[in-house]
Amino acid sequence: MEADPAPAGGAAPDKPAIQTSVALAGDGEDIAQARHLAAGFLTRVQAEHGLPVSQRAMDVTQLVVSELVTNPRKYAPGPVLLDLKITAGAVEVAVWDSDPVLPVARAADADRVGQHGLEIVMAVAQGFEAQREPVGKRITARIALADDPGGAVAGRRPL
């Protein structure tokens, strides 16, 4: 995990950000590597920082990472960057790739095989955003670390 020395405004933070990043090379093991990185990151968040991470958050984060890394592996040339960051009781999963085309959720189609990743991510994440970058795009999803005591999920909100 790397500490972010200062927030965007330039002022020193009260405490360093809890985050990690990896560049994925584009080989056949990227998706598994990304899932393992996410699980290890959340395990360290619990052990080293004492933040609660529910089993649901662990599972959903690995699913979201898998789905968000799969798409650029299939459709975008070049490397993929994966960033994981703890913010306000959630883990933000951000994936950058070189393709500037933003993903679009497709209409439900029971006959369609595959291509449901974006719909899955949007259904399980509490926040979702897709934005163009000077080169490529960045897709970000936010997953709550702790389950609601009543079992309710807060619902998806823009990041």
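1. Helices (H or I, at least four residues) and strands (E, at least two) are DSSP runs, numbered from the N terminus. The structure is a predicted model, in which local features need pLDDT of at least 70, side-chain atom pairs count only at pLDDT 80 or more, and totals for chains, interfaces and linings use all residues. Residues are numbered from 1 along each chain as its sequence is written, and side-chain values use heavy atoms, with hydrogens and water left out.

2. The loop between strand S2 (80-87) and strand S3 (90-97) contains alanine 88. Its phi is near 45°, a positive value in a residue other than glycine. Alanine 88 has a relative accessible area of 87% and is exposed (over 50%; buried is under 20%, partly exposed in between, with a 1.4 Å probe and protein chains only).

3. Glycine 40, in helix H1 (residues 30-49), is partly exposed, at a relative accessible area of 24%. Methionine 58 is 18 residues from glycine 40 in sequence, and their C-alpha atoms are 9.7 Å apart in space.

4. A pocket is an open set of points on a 1 Å grid over the protein atoms alone, where a 1.4 Å probe fits, with protein on both sides within 12 Å along at least five of seven lines; lining residues have an atom within 4 Å of a point. The largest pocket has 24 lining residues, and Asn71, Tyr75, Pro103, Val104 and Leu118 lie nearest its centre.

5. Helix H2 (55-75), S3, helix H3 (117-124) and strand S5 (137-144) each contribute at least two residues to the lining of the largest pocket. H2 gives the largest share, seven residues.
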